[in-house]
Amino acid sequence: MSKYSKLAFAAAIAISFASFGSAAQAGSGTLVNVSLIDTDAGMEVRTDRNRAVEGPVSFAGINDSANDTQHEMLILKVKGDDVSYLPYDENTMRIPEDKIASLGEIPEIDAGQGGAITLDLKAGTYLLFCNKPGHYEAGMKTLFYVQ
Ligand SMILES: [Cu+2]
């Protein structure tokens, strides 16, 4: 690596740490703690808050599975509280991800593990859901509002 590219590399790392730092700081965004839950009673996406102001929103997900089940969490902007218009594939038991415009996701998390995503969200209604086969239908979804 040349001296110049080493410098550029160091600068790129400094920039990425700076942006991470600002997103993580209290007051510059909203932190939402998300529990991905499955028990014999059902499945759930449980958040410690369901509202945020416009701007950076960080979702910190924990897989609280009681059954050693993998979960994930996708974020989708929806038209309103009624999400019955969303496509659903009965065969795969999932929302077909090629037919929606997911804003991002916390990919598959093993039981007991965590993952996070930060998004710059505009005002609107959002759906947080797990798209592992059958989980959406079992109730692994919740609405989230940005004002
Ligand atoms: Cu799940």
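Predicted model: local features only at pLDDT ≥ 70, side-chain atom pairs only at ≥ 80, totals over all residues.
In which sense do strand β3 (residues 51-52) and strand β9 (residues 141-146) pair? They pair in the parallel sense, over two bridges. Residues are numbered from 1 along each chain as its sequence is written, and side-chain values use heavy atoms, with hydrogens and water left out.

View 1. Helices (H or I, at least four residues) and strands (E, at least two) are DSSP runs, numbered from the N terminus. Going along the sequence, the pattern reads α-β-β-β-β-β-β-β-β-β. Of the 147 residues, 35% count as buried, meaning under 20% relative accessible area, with exposed being over 50% and partly exposed in between (1.4 Å probe, protein chains only). The chain exposes about 8,400 Å², and carbon and sulfur atoms supply 55% of that; the areas come from the Shrake-Rupley method with a 1.4 Å probe, and for residues only the protein chains shown count as cover. Take the contacts (heavy atoms within 4.5 Å) between residues at least 6 apart in sequence: 72% of them join residues at least 24 apart.

**View 2. Four strands make an open sheet in the order β2-β1-β4-β7.** Pairing here is mixed, and two strands pair if DSSP finds at least two bridges between them. At the edges sit β2 (42-47) and β7 (114-121), each pairing on one side only. From one strand to the next, the twist averages 20 degrees (axes are lines fitted to C-alpha atoms, for helices over the stretch in contact, and angles run from 0 to 180 degrees between N-to-C directions). Zoom in on β1 (residues 30-39) and you'll see six bridges to β2 in the antiparallel sense. V34 stands opposite T47 in β2.

**View 3. A second open sheet, of five strands, runs β3-β9-β8-β5-β6.** This one is mixed in its pairing too, with β3 and β6 (104-109) as the edge strands, each pairing on one side only.

**View 4. T142 is found in strand β9.** Leaving aside neighbours within four places in sequence, T142 is in contact with V45, T47, Y126, L127 and L128. F129 is 13 residues away from T142 in sequence, and the two are 6.5 Å apart in space, C-alpha to C-alpha.

**View 5. Four side chains hold the copper ion: H71 (ND1), C130 (SG), H135 (ND1) and M140 (SD).** They coordinate at 2.0 to 2.6 Å. Donors are N, O and S atoms within 2.8 Å of the metal (3.2 Å for Na, K and Ca); water is not among the atoms, so sites may look incomplete. The arrangement is tetrahedral because the four donor atoms subtend angles of 87 to 135 degrees, and four donors count as tetrahedral if all angles lie between 85 and 135 degrees. Along the chain, the donors follow the spacing H-x58-C-x4-H-x4-M. Both H135 and M140 are buried.

Terms used
Tetrahedral: all angles 85-135°; square planar, octahedral: opposite > 155°, others 65-115°.
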